Amino acid sequence: MDTKWLEDFVSLAETRSFSRSAQLRHVTQSAFSRRIQSLEAWAGADLINRSSYPTTLTPAGEALHAKALELLQSLQSIKSEMKDDHDKQSDNHTA
């Protein structure tokens, strides 16, 4: 699974529009849809109600949305901590 799939999914959950989310994520709508389908295949569940407009999440989609937000925030925190540690080490080596 690619973290881009989760980022795409969170965008879709927030915009409730495949076309708007694809535009925000800088991909074609067909590529965006394939990534959402890949995430659904990975999860083994339908995450999106495609029959409604605007798009809504299924119960599985709601559960994944909450977890995806937590996971993406954790990953961002880890990345920031690693960068801070690297910057501190670089400063120590130049001092």
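Is serine 17 buried or exposed? I looked this up first. Serine 17 counts as buried because its relative accessibility is 12%, and buried means under 20% relative accessible area, exposed over 50%, partly exposed in between (1.4 Å probe, protein chains only).

Before going on, I noted that this is a predicted model, where local features need pLDDT of at least 70, side-chain atom pairs count only at pLDDT 80 or more, and totals for chains, interfaces and linings use all residues. Residues are numbered from 1 along each chain as its sequence is written, and side-chain values use heavy atoms, with hydrogens and water left out.

**Serine 17.** I found serine 17 in the loop between α1 and α2. Helices are DSSP runs (H or I, at least four residues), numbered from the N terminus. The side chain of serine 17 makes a polar contact with the side chain of serine 19, at 3.2 Å. A polar contact is a pair of N or O atoms within 3.5 Å; within protein, one must be able to donate a hydrogen and the other to accept it, and residues adjacent in sequence count only if both atoms are side-chain atoms.

**Core.** Next I checked the largest nonpolar core, which has 17 residues. Such a core is a set of buried Ala, Val, Leu, Ile, Met, Phe, Trp, Tyr and Cys residues joined through side-chain atoms within 4.5 Å. Phe9, Ile36, Leu39 and Ile48 have the most contacts inside this core. Helices α1 (3-15), α2 (18-24), α3 (29-43) and α4 each supply at least two of its residues. Helix α1 gives the most, with six.

**Isoleucine 78.** I placed isoleucine 78 in helix α4 (residues 59-94). Isoleucine 78 counts as partly exposed because its relative accessibility is 45%.
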